[in-house]
Structures are given as C-alpha cells and as structure tokens.
Amino acid sequence: AGLPKLGCQLQAGKEVRFNPEDDNYDHQLSVRMACVDPTTKDELNVVEIEGQDSEGQKVKAVLATLKPSSLPSVCLGGFEITPPVVFRLRSGSGPVHISGQHLVIMEGDQSFDEDEEEEEEEEEEEETLTTAKKRPALVTQKLSVSSGIN
Amino acid sequence: AGLPKLGCQLQAGKEVRFNPEDDNYDHQLSVRMACVDPTTKDELNVVEIEGQDSEGQKVKAVLATLKPSSLPSVCLGGFEITPPVVFRLRSGSGPVHISGQHLVIMEGDQSFDEDEEEEEEEEEEEETLTTAKKRPALVTQKLSVSSGIN
Amino acid sequence: AGLPKLGCQLQAGKEVRFNPEDDNYDHQLSVRMACVDPTTKDELNVVEIEGQDSEGQKVKAVLATLKPSSLPSVCLGGFEITPPVVFRLRSGSGPVHISGQHLVIMEGDQSFDEDEEEEEEEEEEEETLTTAKKRPALVTQKLSVSSGIN
Amino acid sequence: AGLPKLGCQLQAGKEVRFNPEDDNYDHQLSVRMACVDPTTKDELNVVEIEGQDSEGQKVKAVLATLKPSSLPSVCLGGFEITPPVVFRLRSGSGPVHISGQHLVIMEGDQSFDEDEEEEEEEEEEEETLTTAKKRPALVTQKLSVSSGIN
Amino acid sequence: AGLPKLGCQLQAGKEVRFNPEDDNYDHQLSVRMACVDPTTKDELNVVEIEGQDSEGQKVKAVLATLKPSSLPSVCLGGFEITPPVVFRLRSGSGPVHISGQHLVIMEGDQSFDEDEEEEEEEEEEEETLTTAKKRPALVTQKLSVSSGIN
C-alpha cells in the first residue's frame with residue numbers, strides 16, 4: 001500500500017511536507033505531541049502548520065510554542081488536520097519532534113444497487129465512527145495507522 | 001462556499017471576530033491551542049472569548065493565561081464554541097496565537113415523506129456523530145474544516 | 001428559557017454556586033480551563049468543587065492548583081459534573097477564572113404508544129450520543145450551550 | 001444505593017483503597033486531575049496506582065509526578081481504571097489531591113426472550129456508548145456519577 | 001488468558017518491548033502518562049517509541065521530553081499505538097515511567113451464515129465503538145484492560 005508516515009523532526013529551514021499520494025483513500029492526520037530535543041537551543045520554538053481551506057486557499061496556524069527550560073513537551077490533544085499539510089518552524093532553530101497518527105480510510109468496493117442511497121448513508125456513518133475512534137488497527141482492511149519519524 | 005477560517009493572532013487592542021455568514025449551515029468552533037510568540041513580552045497574557053448564551057445575552061470566559069517564560073503554550077482540549085464569538089486579549093499585549101478547527105455542517109436537501117419523523121431522527125443522529133468526531137473531511141459533502149491564521 | 005451560565009471568577013471568600021432552576025431538563029457541566037489573572041498573587045491557588053453523590057451526601061474534590069509563576073493555566077480535559085455544584089478557592093486569594101460548557105438536555109414531549117419500550121431505548125441512546133459530543137448547538141431543540149463568565 | 005466516591009488526598013504512608021462493594025454493577029474510575037496542596041513540600045511527589053490485570057495479578061503504574069514549584073497540577077486526561085485499585089504516594093510526603101469520576105453501570109432487569117442474542121447485542125452497545133461518554137447523569141436509571149474527596 | 005501489561009520504567013540502555021503473543025486477538029495500546037522519578041537526573045529525558053508502519057517498515061517517534069525541574073509529568077492524551085512496539089530513552093538516563101492501557105479485543109466465535117456480509121459489518125462497528133471508548137471492562141467477554149508496571 002505504501003502508506004506515508006506521520007512523525008518528523010523540524011529544524012530551521014527544513015520544513016516537512018505531508019502529502020499522501022492520490023490513492024482514492026481519505027487521509028487524516030491526528031497530531032499528538034510536540035517535543036524539544038536535548039540539542040534544542042533554549043529559545044522559543046514555534047511550530048507552524050500550513051494547509052488549505054475548503055476553497056484551496058493557503059491557511060497557516062501555530063500548533064505549539066516550546067522552550068526547553070520551561071515547556072519541553074506539549075500534548076496537542078489529537079489536533080486533526082486533512083493533508084496536504086506542511087509543518088515548519090516559524091521561529092527557533094529546533095530541532096522539534098512532532099508525532100501523531102496518520103489515518104487512512106480504505107473505502108473498499110462500492111457497487112451500488114437500488115438501495116444505493118441508504119447503503120451509502122450506512123457506509124458513511126460507519127467510516128466516520130471508525131476513524132473518529134482512532135483505532136484503525138482494529139478495523140482491519142479498512143484503516144491503517146502509521147506513526148513514526150522519518 | 002467561502003468558509004471563514006479559524007486561527008488568528010491576538011494583540012492588545014486588536015480583537016478577532018468570528019462570525020460566519022448566515023448560510024443555513026451550522027457552524028462550530030473547536031479551539032485547540034493557545035501559544036505565545038517569540039515577540040511576546042514576558043507577562044501574563046489572558047485570552048478572553050465573548051459569545052452569546054441561549055437568550056442572546058453577551059457572555060465572556062477566560063480561555064487561557066500564558067506567560068512566555070513559564071507556559072508558552074497550552075492545549076485547550078478542543079474547547080467547543082458556537083459562533084458568533086470574539087477572541088481578544090483581556091490582559092497582556094500579545095501576540096498570542098489561537099488555532100483550532102472550524103466545523104461546518106451542511107444539511108443538504110431534506111425532502112420529507114411520510115417517514116418524516118423517523119428519517120429526521122436518523123439524520124440528526126448521523127450529523128451529531130459526524131461533527132462530534134471532528135473528522136469533517138471524511139464525510140465529504142457534509143462537513144468541511146478550515147484551520148488557519150489570518 | 002433562562003439558561004444559567006457556566007464561567008466564573010473565584011476569589012477568597014467568594015464562592016460561585018451553580019444550580020440550574022428545576023426545569024425538568026438534565027443539566028451537565030463540562031469544566032474546561034482554570035486560569036489565573038494578572039492580579040493573582042504568586043501563591044498556590046487551589047480550586048475546589050463541592051457537589052453531591054448519588055445519595056445526596058456532600059462531596060468535595062480539588063479541580064486544579066495554579067500558581068502564576070509556574071502554571072498560570074491548566075486544561076481540565078472536560079471534567080464533567082452534574083449540578084448543583086459550588087466552585088470555591090480552598091487556598092489562595094485568587095482571582096482564578098473557570099470556564100467550560102453548560103449542557104442542557106431538552107427532552108421534548110414524550111408521548112408513549114405501544115412501542116414505548118423500544119422508543120424509549122432509542123431516545124436514550126440518541127441523547128447520550130448527543131450530549132456526549134458536546135455539540136449541543138448542532139442538535140437544535142434538544143441541547144443548548146452557554147459558556148461565559150458572570 | 002451506597003455509591004463509593006472517587007476523590008482523595010494522598011499522604012506518605014496513607015494509601016487510599018477504592019473497592020466498591022460487590023453489587024453486580026460494573027464500576028469504572030475515570031481519574032482526571034492530580035494536584036498538590038499549599039502544604040505540600042517542594043519535592044517530587046509520585047502518585048502510584050496498584051490494580052489487577054485480567055489474571056488477578058497485582059500491577060502498578062505511575063499516574064503522575066508533581067512538584068509544587070514547577071508542576072502543581074496535571075490533567076490525567078480521563079485515565080480509566082477498573083477497581084479494585086489502590087492510590088498511594090510512591091515518593092514524596094504529599095498531600096496530593098486526586099479527583100475524577102466514578103461510573104456505575106446499572107444493568108437493570110435483563111429478561112431474555114427468544115430474541116435474546118440480538119437484544120443482548122443492542123444492550124451491550126448502548127451501555128458502552130453510554131459510559132464511554134462520561135455523562136452518566138444523562139442516562140438516569142443506568143448510570144450514576146460521584147466525584148468527591150473523602 | 002495471559003495478558004501482557006502496559007506500564008514500564010525506562011532507563012538508559014534498558015528498552016521495553018511490548019509484543020503480545022499471537023493469540024488471534026487485536027491488541028492496542030493507549031499510552032497516557034510519562035513521568036519522571038525522584039531519582040531522575042535534572043536533564044532532558046526523551047522517550048521514543050519504535051513501531052511498524054503498514055508495510056512492516058520500522059518507524060520511530062518521540063513521545064515525550066521531560067525534565068524533572070520544569071516538566072516532571074506530561075499527559076499524552078491517550079496516544080494509540082498498535083503493537084509490536086518498543087519504548088526507550090533516546091536521550092537522558094531516566095528512569096521515566098510510562099503508563100497506559102492495553103486493550104485486547106476478543107472476537108469470540110464467528111460462524112457466518114448467509115447473512116455473513118451484514119453480520120460482519122455489525123460486528124466490526126460494535127468492536128470499533130467498544131474499544132474506542134476505552135472502557136473495556138464494561139464489555140465483559142469482549143475486552144480486557146491491564147495497566148501496570150513490570
């Protein structure tokens with residue numbers, strides 16, 4: 001299947017792009033933790049994400065601000081983002097580690113009969129519940145998770 | 001569709017209003033992180049939101065108090081707010097970055113037949129589950145997310 | 001409807017009682033954040049809640065301990081409490097800001113026919129899902145949220 | 001009903017046992033916050049829980065490490081534990097306050113007819129949803145919450 | 001059943017492997033807290049996990065960075081990982097305590113009749129909901145939790 005991985009190390013001038021190949025699956029990121037490294041300078045490190053809004057316009061948001069001596073880690077509470085997305089340091093020279101989950105929704109074959117409308121409804125609901133639970137591995141053949149660092 | 005974005009930078013005297021156009025959709029904000037900037041002075045910065053209660057009365061609440069040297073970021077745990085809402089600094093000169101998700105519930109056509117009662121029940125339940133999961137992108141045609149900074 | 005608001009400022013000797021009028025609705029508080037103020041003295045401020053157990057016995061719990069210089073805000077993760085409840089400072093002179101959501105479950109008319117048993121089951125489930133999602137505004141006529149500060 | 005309470009104050013040499021009476025109900029703890037007291041010495045206080053694994057073997061885990069001057073409170077994110085469980089300080093002399101929710105699942109009468117299999121399925125699902133939502137008070141007759149301090 | 005336990009103490013050079021025996025059950029870890037010990041040196045301790053992506057490739061991620069004097073505990077928010085997984089200190093000499101939940105999905109007998117397709121759908125959905133709720137003990141015969149320290 002060739003699933004992309006979520007998890008990376010950010011440094012000044014080295015952004016990380018997360019853009020799964022167009023495989024007809026729905027991809028979702030659930031970003032969990034941002035953590036400094038022992039080699040991170042004692043300054044404020046600001047993690048920024050850049051994504052797209054529903055019209056394809058570029059939007060940016062600050063995910064976390066960390067400082068080794070006061071806040072070396074912060075839980076992001078499962079911040080959910082739809083790729084494509086770029087992670088970068090807006091300030092600070094890093095490194096900052098980002099970890100989380102990459103959810104892939106595998107739709108399977110969808111052959112519609114006359115109950116098309118209703119069937120579709122059901123499938124949608126099921127998928128939504130499934131991914132929302134962040135337990136993809138429990139729904140084999142449907143969902144797959146990958147959390148790592150490149 | 002012209003979806004408003006959630007995500008902003010607050011500064012003393014510069015409040016940010018979030019008021020989606022009246023488009024017959026339900027809008028919901030899920031505010032995730034509040035973070036200081038390297039340019040933020042080392043003082044307590046208090047983020048306040050102002051919304052409305054069910055009677056249209058103005059209500060205010062403190063979302064977060066940050067200080068660059070002790071708590072540069074705080075996870076808000078997905079604090080959910082129904083717009084219209086104003087974000088501002090109640091104390092401190094900022095800047096403070098706010099990020100989160102803007103959920104839009106697109107209801108679609110609802111032509112009711114004799115099964116109206118039951119159908120409605122089902123739709124309500126589905127929508128509730130859907131938004132609750134904060135995975136709007138997984139329910140294409142129903143929900144749309146935008147997280148950014150203006 | 002006259003919905004009570006959640007959100008308050010605690011000071012030594014000034015407790016805040018949250019006791020919605022007896023309106024046949026179910027009320028639930030989801031307490032999200034506790035934050036100090038720039039005027040809060042640099043000492044430990046301990047937030048206590050007092051509620052009732054299932055037998056009507058008074059019970060107390062410590063919600064948060066804050067100190068301006070080390071932990072000016074803390075996420076309570078959506079601590080859920082059934083009113084009536086009193087919030088107060090057990091130690092420290094405050095002020096401490098508390099914010100969260102006040103959920104009201106409006107049951108609507110429940111005229112039971114011969115399918116009473118089954119219908120009731122369904123309604124219960126739906127309400128549970130609904131409130132659990134903390135997205136009351138999405139279920140108009142059923143749930144209403146108010147987050148503010150008095 | 002005589003529901004036990006969750007919520008306690010731990011001190012060196014004073015562990016707190018949580019073991020609901022055997023009442024045929026399912027009990028679950030959702031531990032939310034650990035907080036120091038103004039009388040807590042400025043040292044690391046380590047909160048340990050001791051429970052049982054599925055074979056009845058004793059297992060221990062560290063829930064939180066707090067220090068008044070650096071981290072006076074920590075959100076445990078709703079750490080769920082099935083009683084019986086013992087809370088104690090593994091290090092430090094305390095006091096440390098623990099708060100959370102005690103969920104009781106009241107099963108009600110279960111008279112099975114020929115649709116036993118299916119009915120059971122439905123009930124299981126409903127209960128799971130119900131408790132999972134941590135909104136026991138919304139499901140009167142099924143679930144009851146008690147959060148307090150002894 | 002012989003359930004493995006989640007919960008461990010990490011030290012430099014002493015990694016902890018979590019690899020449940022191949023028992024046809026689905027296993028899932030929900031990692032909740034990372035905490036230092038009073039014996040932990042005042043340096044940055046970086047907790048790393050190593051797992052596998054969907055292709056069996058080794059992936060690593062940083063779970064938390066702790067320092068006794070500034071951040072002695074951090075909530076990981078229920079970071080979910082599918083075993084096999086290795087926990088280790090990437091930096092620092094520890095000890096660092098990790099705690100969480102180990103969920104086991106017991107599938108039971110699955111004898112498929114002509115309604116195979118539909119039945120399977122239902123079972124999947126139920127399991128997903130079940131585990132997602134992290135209330136395994138409430139679904140006796142289906143799920144079992146173990147949180148401890150070895």
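**Close-up views of a predicted model**

**View 1. Strand β4 of chain D and its partner β5.** Strand β4 (residues 45-52) and strand β5 (residues 58-66) of chain D run antiparallel and are joined by eight bridges. Strands here are DSSP runs (E, at least two residues; helices are H or I, at least four), numbered from the N terminus, and two strands pair if DSSP finds at least two bridges between them. This is a predicted model, in which local features need pLDDT of at least 70 and side-chain atom pairs count only at pLDDT 80 or more, while totals for chains, interfaces and linings use all residues. Residues are numbered from 1 along each chain as its sequence is written, and chains are lettered from A and ligands numbered from 1 in the order in which they are written. Look for Val47(D), which stands opposite Ala64(D) of β5(D). Five residues lie between the strands of this hairpin, and there Gly56(D) takes a positive phi near 85°.

View 2. Because six of its eight residues are buried, β4(D) is largely enclosed by the rest of the structure. A residue counts as buried if 20 or more other C-beta atoms lie within 10 Å of its own, as exposed if 12 or fewer do, and as partly exposed in between; C-beta atoms are placed from the backbone.

**View 3. An open sheet in chain C.** Four strands in the order β2-β7-β4-β5 make up this open sheet of chain C, with antiparallel pairing. At its edges are β2 (16-18) and β5 (58-66), each pairing on one side only. From one strand to the next, the twist averages 25°; axes are lines fitted to C-alpha atoms (for helices over the stretch in contact), and angles run from 0 to 180 degrees between N-to-C directions. Within the sheet, β4 (residues 45-52) and β7 (residues 85-91) of chain C share five bridges, and Val47(C) has Leu89(C) as its bridge partner.

View 4. β6(B) is mostly covered, with nine of its nine residues buried. Six bridges connect it to the antiparallel strand β3 (residues 26-36) of chain B, where Leu29(B) is partnered by Ile81(B). In the loop between β6 (73-81) and β7 (85-91) of chain B sits Pro84(B), joined to Pro83(B) by a cis peptide bond with omega of about 10°.
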